[in-house]
Amino acid sequence: MRERERRLYELIEPTVLALGFELVGVLWRDGKSRDLIRVYIDREEGVTVDDCANASYRVTGLLDVADPVPGEYDLEVSSPGSDRPLFVERDFIRFAGAGLKVTLRGPVAGRRRLVGTLGGYREGVRVIDEHGMEHCFAISDIESARLVSQW
């Protein structure tokens, strides 16, 4: 997670927790005229459209007051879905053994994209790729990571 996303995460998390949800992660994508802020929420029994609307209303109010995003932006609040993005250490521990698709910020062993089994987290993320090779890297090296059901 980049620094500006981490700051948004820390700002938004208490509000999301108070609503009874886990804050899965925050993405901030630069746009030509408007940036996109995407907030992923979840809970054990799943998330409904009404849950997302309620969380969006609360997060919008919070962002209007705190004003952490310069200029105009679009806010999306959604469930992480079956191809859940992974953001923080606890995600990589929780989903050890699952299929994972990773895009790295720079090449590791000559590759930026890996698909394989998440080997967990021990002082870095471990991924065993489709050829049985193990790759280890820091969470900060990850551009994006998503669960995959089949690879």
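1. Strand β4 (residues 99-108) pairs with β5 in the antiparallel sense, over six bridges. Strands here are DSSP runs (E, at least two residues), helices likewise (H or I, at least four residues), and both are numbered from the N terminus. Two strands pair if DSSP finds at least two bridges between them. Leucine 100 has glycine 116 in β5 as its bridge partner. The two strands form a hairpin with two residues between them. Alanine 109 sits in that turn and has a positive phi of about 55 degrees.

2. **Basis of the note.** This is a predicted model: local features need pLDDT of at least 70, side-chain atom pairs count only at pLDDT 80 or more, and totals for chains, interfaces and linings use all residues. Residues are numbered from 1 along each chain as its sequence is written, and side-chain values use heavy atoms, with hydrogens and water left out.

3. **The five-strand sheet.** β4 and β5 belong to an open sheet of five strands, in the order β7-β6-β5-β4-β8, with antiparallel pairing. β7 (134-137) and β8 (142-148) stand at the edges. Each has a single partner strand, so one side of each is left without a neighbour in the sheet. On average, neighbouring strands of this sheet are turned by 40 degrees against each other, direction ignored. Such angles run from 0 to 180 degrees between N-to-C directions, and the axes are lines fitted to C-alpha atoms, for helices over the stretch in contact.

4. **Other pairings in this sheet.** β4 is also joined to β8, antiparallel, by six bridges. There, glycine 99 stands opposite valine 148 in β8. Strand β5 (residues 111-121) and strand β6 (residues 125-129) run antiparallel and are joined by five bridges. Leucine 118 has valine 127 in β6 as its bridge partner.

5. **The β5-β6 loop.** Look at glutamate 123, in the loop between β5 and β6. Its phi is positive, about 60 degrees, although it is not a glycine. Glutamate 123 is exposed, with a relative accessible area of 84%. The cut-offs: buried is under 20% relative accessible area, exposed is over 50%, and partly exposed is in between (1.4 Å probe, protein chains only).

6. **Tyrosine 121.** This residue lies in strand β5. Tyrosine 121 is partly exposed, at 25% relative accessible area. Arginine 90 is 31 residues from tyrosine 121 in sequence, and the two are 8.5 Å apart in space, C-alpha to C-alpha.

7. **The three-strand sheet.** A second topic is the open sheet with the order β1-β2-β3, where the pairing is mixed. β1 (22-29) and β3 stand at its edges. Each has a single partner strand, so one side of each is left without a neighbour in the sheet. Neighbouring strands here are turned by 15 degrees against each other on average, direction ignored.

8. Strand β2 (residues 35-42) runs parallel to β3, with six bridges joining them. Valine 39 has valine 77 in β3 as its bridge partner, and tyrosine 40 stands opposite serine 78 in β3. β2, helix α2 (residues 49-66) and β3 make a right-handed β-α-β unit. Right-handed means that, with the strands pointing away from the viewer, the path from the first strand over the helix to the second runs clockwise.

9. **Aspartate 67.** The loop between α2 and β3 holds aspartate 67. Its phi is near 50 degrees, a positive value in a residue other than glycine. Aspartate 67 is exposed, with a relative accessible area of 56%.

10. **Aromatic rings.** The structure holds one aromatic pair. Tyrosine 40 and phenylalanine 87 have ring centres 6.0 Å apart and planes at 40 degrees, so the pair is tilted. Rings of Phe, Tyr and Trp (its six-membered ring) pair if their centres lie within 6.5 Å; planes under 30 degrees apart count as stacked, over 60 as edge-to-face and the rest as tilted. Tyrosine 40 lies in strand β2 and phenylalanine 87 in the loop between β3 and α3 (89-94), so the pair ties together parts that are 47 residues apart in sequence. Both residues are buried.

11. **Cysteines.** The disulfide count is zero, where a disulfide is a pair of cysteine sulfur atoms within 2.5 Å. Cysteine 52 is buried, at 12% relative accessible area. Cysteine 136 is partly exposed, at 45%.
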